[in-house]
Structures are given as structure tokens and as C-alpha cells.
Amino acid sequence: QEQLMESGGGSVQAGGSLRLSCAGSEDSISAYCMGWFRQAPGTEREGVATIYTDGTTVYADSVKGRFTISRDNGKRTLYLQMNSLKSEDTAMYYCAASGRGGYCSGTRDLGLKIWGQGTQVTVSS
């Protein structure tokens with residue numbers, strides 16, 4: 001079964017940058033829409049960015065203009081470039097894929113069936 005693993009998290013000062021990666025285990029991941037989500041302590045999980053198979057992207061208002069989602073199908077890897085980081089970006093970040101029978105709907109997680117284990121991002125002010 002398809003597996004996803006996030007990497008690239010860490011601690012950074014406000015205003016800095018990080019790039020998160022999400023590696024898939026199956027070639028078929030190139031046919032899936034995928035997204036990034038995050039959850040901070042005491043909050044519900046929220047959608048950050050989504051990329052569809054045709055390259056269309058959708059971003060949460062809170063990250064628009066600062067984050068960029070992309071994918072490299074050859075490497076079976078999803079990326080999230082995070083610039084101008086703010087303390088409120090601190091959260092556990094997860095990647096997800098639609099999988100077979102799944103789907104994407106904007107930045108909502110409904111329809112995403114495959115999830116990674118998460119990578120922690122901490123932004124200090």
C-alpha cells in the first residue's frame with residue numbers, strides 16, 4: 001500500500017525558510033492529488049496547500065504568498081517551500097494523498113485517504 005513520509009521540519013527563526021518533503025513509496029502517486037496540512041497544540045487540523053494532478057494549486061489564506069506547493073513525479077516527492085515564516089506557522093505538518101478512490105477538495109482534507117506521520121516545524125520569534 002502507498003506510504004508517505006515527511007521530512008525537512010525543524011526549528012527556524014521568524015522570517016526564515018524551510019522546505020518540507022513528502023516521499024511516496026509507489027509510482028502511482030503521480031496520479032494522485034496531494035496536500036499539506038498542519039496542526040498546532042489545542043487547534044484543529046487545517047489545510048495549508050493542495051496540488052492537483054494538472055498542477056493547479058490552492059492555498060490557505062494564512063500562507064498565500066509565502067508558501068509554495070510542488071511535486072516531482074519522477075522522484076515521487078511532494079514539496080512545501082515555506083518562506084517568511086511566522087511564529088503562528090509552528091505546527092506538526094502532514095502530507096496526504098487522495099489514493100485510489102480518493103479526491104481533493106480545495107484545502108479540505110475530505111477525500112484524502114493516505115497520510116504521512118508528520119514533521120514538526122517550530123518558528124521562534
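Here are legends for a few close-up views of this predicted model.

Residues are numbered from 1 along each chain as its sequence is written. Since this is a prediction, local features need pLDDT of at least 70 and side-chain atom pairs count only at pLDDT 80 or more, while totals for chains, interfaces and linings use all residues, and side-chain values use heavy atoms, with hydrogens and water left out.

**View 1. Four strands line up in an open sheet.**
The order is β1-β3-β8-β7, with antiparallel pairing. Strands here are DSSP runs of E with at least two residues, numbered from the N terminus, and two of them pair if DSSP finds at least two bridges between them. At the edges sit β1 (4-7) and β7 (67-72), each pairing on one side only. Look at β1 and you'll find 4 bridges to β3 (residues 18-24); M5, for instance, has A23 as its bridge partner.

**View 2. β7 and β8 make a hairpin.**
There are 4 residues between the two strands, and R76 in the turn has a positive phi of about 50°. The antiparallel strands β7 and β8 (residues 77-82) are joined by 6 bridges, and I69 stands opposite L80.

**View 3. L80 sits in the largest nonpolar core.**
A nonpolar core is a set of buried Ala, Val, Leu, Ile, Met, Phe, Trp, Tyr and Cys residues joined through side-chain atoms within 4.5 Å. Strand β9 (91-97) gives the most to the core, with 4 residues. Leaving out residues up to four places away in sequence, L80 touches W36, V48, F67 and Y93, among others; contact means heavy atoms within 4.5 Å.

**View 4. F37 and W115 form a tilted aromatic pair.**
Their rings are 5.0 Å apart centre to centre, with 50° between the planes. Rings of Phe, Tyr and Trp (its six-membered ring) pair if their centres lie within 6.5 Å; planes under 30 degrees apart count as stacked, over 60 as edge-to-face and the rest as tilted. The partners are 78 residues apart, F37 in β4 and W115 in β10. F37 counts as buried because its relative accessibility is 1%, whereas W115, at 25%, counts as partly exposed.

Definitions and conventions. Buried < 20%, exposed > 50% of the residue type's maximum accessible area, 1.4 Å probe, protein only.
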